[in-house]
Amino acid sequence: MNIIITGLISGSLLALLAIGFSLIFGVARIVNIAHTAFYMVAAYCIYYLSIGLGLNAILSMLIAVAGVTIIGLLAYKLVIDPIREHEAAVLIATIALAMFFQEVVLQLFTGDYRSVDFLIQGFFTIGGNKIFYQQLLTFGVVLVILLVVWFLLMKTRLGLAIRSTAEDREVANLMGMNESRLAMITMGISVALAGITGAVIGPLMVLTPHMWMEPLIIMMAVVVLGGLGSIKGSFIAAYILGFTEALVVFLVPTGAFLKGPVALTTMILVLLIRPEGLFGVAFEEER
Amino acid sequence: MGLLGFYLRKFYSLVRGEVLVLPSRTIVGLFIIAILGLPLITRDPYLFRVVIFTSIFAILAASWDLLSGFTGQLNFGHALFFGVGAYSSAILNTHVHIPPWGSVPLGAVVAVLAGLIIGIPCLRLKHTYLALTTLAFPIILLGIIIALPDYTGGELGMSGLQRFTNSLMGNYYLHVITMLVLCFVMWKITDSNTGIIFHAIREDELAVKASGINTTRYKLLAFTLSGFFAGISGGLYAHYMRIAGPSTLEVSMSFTVVIWAIFGGAATIYGPVAGVFILYPLLEIARFWPEYRMMIFSVFVLVILLYMPEGFIPWVRDKIEKECPRCKIRSVAARKTCRVCTAQLD
């Protein structure tokens, strides 16, 4: 039972992060290492607003998500956009950005462990296992957000533009899509997703300025496993890896050390059989 | 005496004709003289320590460049080679009691094997898939090392390694000269026919395949060569620190290598070396404000990249030198005509 709950929660966290990451990669070909740093910043914003300033929890979440989105867009405009043509430079720019956020948070809030209050208190028990209402709420919110993202991508004109740009940037540009504006919008959506992740998962996690490192690796594994740019693939792969981690932690001795390695080994084994990921489309030989 | 004079004159004309004509070569020459002559000016142990670490990491950054800069196979897990080199020479030194002279090269050989093991499956992957998959390997190894504390010391690492020598000067010259020699070897490799094929694989792999070259074999060669040099630097690091710890395998280690190499300018070998020699001492200077250290570092990298996205060293090089449009030979930027074919420089 514990395995199912932990698996569902970490799977949801990974799914939200991975979808944001693969959106911006698909549209703008940016490998955004700073993606999980935005999630960390959002969690800290909520901590500051709700505990530091004593605002209402839901209000502070909304402000935090909006704030993080603005920070993300500013960072994109100032740092990433001017060097878009140089892929390697973008890569280390995002690494440096993530380090910068980590240091700023470290300065403002120190390295102590923090935590955010649950939105709703209380728990019920099934078969001797505690299930907090907060966990159910988190899972529900994640499902709703995933549905919203799916609707946005599949049913709206903006979604169509995003998907076609992800498929072939040049042709989309020729068909009259403003590629740079689209990249900007996608960056906004992607950072907002990271912010929402921070908002809904925050209460279940311990906040430290280094909390972006661990999900970053597994998130990348999820994205690769599901196939780059495939939303459905990211979703399924996130739950596969989430449950793998949960199984290892609960069933294997010294599992806490091995959860990352086992999840990553799973990814590598799958990649050996299908080099383009579970649902990825094999890229044409790019020239 | 006459013979000596003859060779001296030959050496002088070689230096004047080949080195002093280009500012970039003059700078490299001055750098080598400066780093070898540093002990004449000061004997500060702290300064020596910084230069030794910088040299070790310069080898590492250059080896990343040999693989990722030249063949374009982005390796995000370069800490794997470094860590494998460090840990295997540590195990050989403490458990088998092989002196450092033997354990560092053997550790590098183990790193080559690691390069083969991850290279063979990874070469089926392309671009970002490759980058993100290689990121996974050091973390897997780190998990195994921490889960097996009996052989590897777990989270504390393996300590009590022998040093090469205990003298200050000996250590300094050992590391600096190793760095200079290995970087020269790497530069020579990239300057040879093999290096040209590496370049071509990055630019257009399909065209290289179409020319009848087995690209997989060359990519594997790049993986093993890079693993060898990174393994040596890992072994040197472990023996100088006298400890091989989990920090050698961390994600931040892999990222730092990438930052150094791309900051200096990828696909040049001298770029990453210069990048380390700029950024590592900068990080040391920033120790005066310890709480803002990493922030200064990241802001510095961001600002430099914003203005020089190709990397710092290629930017400087383009400022002081011009390439001849006809014969592709570089001349000082102040010249009006090419120094070889006298074509007009624009």
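Biologist: How many cavities of 30 Å³ or more does a search of the whole structure find?

Modeller: Rolling a probe the size of a water molecule over the atoms shows where empty space is left. In this predicted model, the search of the whole structure returns 1 cavity of 30 Å³ or more. The space in the largest cavity amounts to about 40 Å³.

Biologist: Which residues line the largest cavity?

Modeller: Chain A contributes Ile268(A), Leu271(A) and Leu272(A), while chain B contributes Pro121(B), Cys122(B), Leu125(B) and Thr133(B). Two elements each give two or more residues to this lining: α11 (255-273) of chain A and α5 (100-122) of chain B.

Biologist: Which element provides the largest share of the lining?

Modeller: That element is α11(A), with 3 residues.

Biologist: How is the lining of the largest cavity divided by class?

Modeller: The lining has 6 nonpolar residues and 1 polar residue, and no charged residues.

Biologist: Where does Ile177(B) lie, and why can Ile177(B) be called partly exposed?

Modeller: Ile177(B) lies in helix α8 of chain B. The term "partly exposed" covers relative accessible areas between the limit for buried, under 20%, and the limit for exposed, over 50%. Ile177(B) has a relative accessible area of 41%, and therefore Ile177(B) is classed as partly exposed.

Conventions:
Residues numbered from 1 in each chain as written. Chains lettered and ligands numbered in written order. Predicted model: local features only at pLDDT ≥ 70, side-chain atom pairs only at ≥ 80, totals over all residues. Heavy atoms only, no water. 1 Å grid on protein atoms, 1.4 Å probe; cavity = no way out; pocket = protein on both sides within 12 Å on 5 of 7 lines; lining within 4 Å. Points joined across faces, edges and corners; volume = space filled by probe spheres on them. Helix = DSSP H or I, 4+ residues; strand = E, 2+ residues; numbered from the N terminus. Nonpolar A, V, L, I, M, F, W, Y, C, P; charged D, E, K, R; others polar. Buried < 20%, exposed > 50% of the residue type's maximum accessible area, 1.4 Å probe, protein only.
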